Amino acid sequence: AQANTWHVAGHLISLEKMAILPKFYTLPDPFNPLEEEEEGGYHGPFGLVPITPDWPQAMASYQLKGIMLDRVLRGHDYIALLGLPGSGRSVTLALMAILAARQKEDNQAGGLLEIARMPSLLHLADVELDPSLWGSGADPIGPMIAAAELRLKGMAANWLNAVQAQFTSGYGLILMDGWDELTPADQEKVTQWIKVLKESYPGNQIVVTASAPGYRPLQEIGFAPT
């Protein structure tokens, strides 16, 4: 219900009734002059079309094959979803949350994931990492649960305990919006927190939205740019 209102007209119509599912592209490997070129070279469309994450419109008219929404999470467990402001990154996270919530079984037909996972949709501006609030050596999942709870008013404590149990077992899908909306200092704090969260709770999948310029800190902690 929360994810269905996560768009401009959310007060009028639910997202899943009017959304067009997006496609994704992964960035090509950088050219390495030390490697031998394949015989005959590469002459496919990706050798001619400019694939730049900050201007995806350049690819649209070529109708290149992309990765559909129901496949993008079946590869890498940690994805940095890149794009310009207004390109639909937040809406994509909401669609992922809706599809994950609808999936009840592993490898369900039309499902988003190979295994059924519990989605947690949050904005990184809501994540409070003040050491005075959590104390030293605090459980890194605490700030995540608290941030998600801000937008899920009235949830009972026993429900939140059940959510935490899912993530402790590695059956969570953590969807984080707004990394590029943070200050550089807060980006550094959040990036280190995500790194600790990954190490403390392995098995969960994490998607973080970011802008094309400046996503390197996320790549350095293991996120695949998409």
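Analyst: Start with the contacts in this predicted model. Take those with a separation of 6 or more: residues 24 or more positions apart account for 73% of them. The secondary structure comes to eight helices and seven strands. The chain has 226 residues, and 40% of them count as buried.

Now zoom in on Ser 211. This residue sits in the loop between strand 6 (205-210) and helix 8 (216-220). Is Ser 211 buried or exposed? Its relative accessible area is 16%. Buried means under 20%, so Ser 211 counts as buried.

What does Ser 211 touch? Leave out residues up to four places away in sequence, and Ser 211 touches Leu 82, Gly 83, Arg 89 and Asp 180. There is also a polar atom of the Ser 211 side chain to follow. The backbone oxygen of Pro 213 lies 2.9 Å from that atom.

For contrast, look at Leu 12. Leu 12 is found in the segment before strand 1 (23-24). Its relative accessible area is 68%. Exposed means over 50%, so Leu 12 counts as exposed. Leu 12 also belongs to a nonpolar surface patch, made with Ile 13 and Met 18. The patch covers about 290 Å².

Technical notes:
Residues are numbered from 1 along each chain as its sequence is written. This is a predicted model: local features need pLDDT of at least 70, side-chain atom pairs count only at pLDDT 80 or more; totals for chains, interfaces and linings use all residues. Side-chain values use heavy atoms; hydrogens and water are left out. Patches are made of residues with over 30% relative accessible area and no salt bridge: like charges are joined within 9 Å, nonpolar side chains (Val, Leu, Ile, Met, Phe, Trp, Tyr) within 5 Å. Accessible areas come from the Shrake-Rupley method with a 1.4 Å probe; for residues, only the protein chains shown count as cover. A salt bridge is a side-chain nitrogen of Lys or Arg within 4 Å of a carboxyl oxygen of Asp or Glu. Helices (H or I, at least four residues) and strands (E, at least two) are DSSP runs, numbered from the N terminus. Buried means under 20% relative accessible area, exposed over 50%, partly exposed in between (1.4 Å probe, protein chains only). A polar contact is a pair of N or O atoms within 3.5 Å; within protein, one must be able to donate a hydrogen and the other to accept it, and residues adjacent in sequence count only if both atoms are side-chain atoms. Contact means heavy atoms within 4.5 Å.
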